[in-house]
Amino acid sequence: MNKKDKQKIIGETLSDEQLKTFLTLEPADHTHPDYHILLRAYRALTAENFERFLHFFVEEGKNLHAPGPDQGTIADLVSQHKQSADYLKALQTIINS
């Protein structure tokens, strides 16, 4: 039986540099690059880290309203998930500021 090299760490607070690595992600398909970055960050980060990441995202001049494959925004997607209230609150706070 093979053993994993790394264990998944849940709830870890990431450094600013670790969060900024998400800004360099590129989609493998024709998904809007900014939507792709937001989706990957949403899926990978805790709500606390996601909120911190959003500040870097906006500072880079990226678009919080970038359309996804279904033309909805990341906020539209997040609002459909039952346990995503903290993520949605972080998005709405940044969008409304």
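This is a predicted model: local features need pLDDT of at least 70, side-chain atom pairs count only at pLDDT 80 or more; totals for chains, interfaces and linings use all residues.
**Ground rules.** Local features need pLDDT of at least 70, side-chain atom pairs count only at pLDDT 80 or more, and totals for chains, interfaces and linings use all residues. Residues are numbered from 1 along each chain as its sequence is written, and side-chain values use heavy atoms, with hydrogens and water left out.

**Entry 1: α3 itself.** I started with α3, residues 47-59. I take helices as DSSP runs (H or I, at least four residues), numbered from the N terminus. Just after α3, I found Gly 61 with a positive phi of about 80°.

**Entry 2: its buried side.** Which residues of α3 are buried? I listed Ala 47, Asn 49, Phe 50, Phe 53, Leu 54, Phe 56 and Phe 57. They cover an arc of only 165° around the axis, which puts them on the same side of α3. Buried here means under 20% relative accessible area, with exposed over 50% and partly exposed in between (1.4 Å probe, protein chains only). The arc is taken from the directions from the helix axis to the C-beta atoms. The cover over these buried residues includes α1 (16-20), α2 (33-44) and α5 (85-95).

**Entry 3: α3 against α5.** I get a packing angle of about 25°, with the axes 9 Å apart. The two helices are therefore roughly parallel to each other, the label for angles under 35 degrees. Axes are lines fitted to C-alpha atoms over the stretch in contact, and angles run from 0 to 180 degrees between N-to-C directions. On the α3 side, the contact is made by Ala 47, Phe 50, Glu 51, Leu 54, His 55 and Val 58. On the α5 side I noted Asp 86, Tyr 87, Ala 90, Leu 91 and Ile 94. Contact is heavy atoms within 4.5 Å.

**Entry 4: Asn 49.** Back in α3, I checked Asn 49, which counts as buried at 2% relative accessibility. What does Asn 49 touch, not counting residues up to four places away in sequence? I found Glu 12, Thr 13, Leu 14 and Leu 19. Asn 49 and Glu 12 are 37 residues apart in sequence and 8.6 Å apart in space, C-alpha to C-alpha.

**Entry 5: His 36.** My last stop was His 36, in α2. His 36 counts as buried at 13% relative accessibility. Leaving out residues up to four places away in sequence, His 36 touches Leu 25, Glu 26, Pro 27 and Thr 31.

Definitions and conventions: The expected span of a helix is 1.5 Å times one less than its number of residues. Angles under 35 degrees count as roughly parallel, over 145 as roughly antiparallel, 65 to 115 as roughly perpendicular and the rest as oblique.
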